[in-house]
Amino acid sequence: MGTRLEALPHRHVLTLPATPSAVRTARETAERALAGWGISLRHPTVGPALLILSELVTNSVRHAAALSPQVTVIYAAGADCLAFAVHDRHPHQPSLNASVTDTGTGAGGLATVMELTLGLGGTAVVRADVDGKGRSPFHSDRTG
């Protein structure tokens, strides 16, 4: 993975209840953050990146809410990079590679995330929490 969120000059962190309304709130917050950082919402990378963010938050709400009542979203940007991380406390570590190769097997949102991420020339990883009881699917792509 090339970009570390901590190294990017623009960052915003948002923690929300793991409910369906989190998806809209996360996306609207991203739009406000990007605009505040001077990134045009019309940039060709932004639309797909917002869809990726929505899919990651949706996955946390659908699959992790029982074990993780909150979801944390980290937004970050630099001169040529836009990145999102979505963290929940569910211990399952989904395989991003399987979501690319196993179409039609229920991968759904992660397959979309991977297809869009790779199409943007970006990277995606799933990082486990130190205690093994949570994960952060991470997405990064180049904007310029």
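Predicted model: local features only at pLDDT ≥ 70, side-chain atom pairs only at ≥ 80, totals over all residues.

Trainee: What makes H90 count as buried?

Mentor: The relative accessible area of H90 is 17%. Buried means under 20%, so H90 is buried. H90 sits in the loop between β3 (81–87) and α3 (96–101).

Trainee: Which residues is H90 in contact with, beyond its neighbours within four places in sequence?

Mentor: They are H63, A64, L67, S68, K133, G134 and R135.

Trainee: And what makes the pair H90 and H92 a polar contact?

Mentor: The side chain of H90 reaches the backbone nitrogen of H92 at 3.0 Å. The cut-off for such a pair is within 3.5 Å, so 3.0 Å qualifies.

Trainee: How do we describe the packing of α1 and α2?

Mentor: Two packed helices are described by the angle between their axes and the distance between the axes. For α1 (residues 21–36) and α2 (residues 46–64), the angle is about 150 degrees and the axes are 9 Å apart. The crossing of α1 past α2 is right-handed.

Trainee: Which classes of residue make up that contact?

Mentor: By class, the contact of α1 with α2 has 11 nonpolar, 2 polar and 2 charged residues. The α1 side includes A22, V23 and R27, and the α2 side includes L50, S54 and V61.

Trainee: Which residues of α4 are buried?

Mentor: In α4 (residues 109–119), the buried residues are G109, L110, A111, V113, M114 and T117. Just after α4, G121 has a positive phi of about 75 degrees.

Conventions:
Residues numbered from 1 in each chain as written. Heavy atoms only, no water. Axes fitted to C-alpha atoms, helices over the stretch in contact; angles between N-to-C directions. Helix = DSSP H or I, 4+ residues; strand = E, 2+ residues; numbered from the N terminus. Left-handed = near helix turned anticlockwise from the far one by under 90°. Contact = heavy atoms within 4.5 Å. Nonpolar A, V, L, I, M, F, W, Y, C, P; charged D, E, K, R; others polar. Buried < 20%, exposed > 50% of the residue type's maximum accessible area, 1.4 Å probe, protein only. Polar contact = N/O pair within 3.5 Å; in protein donor to acceptor, adjacent residues only side chain to side chain.
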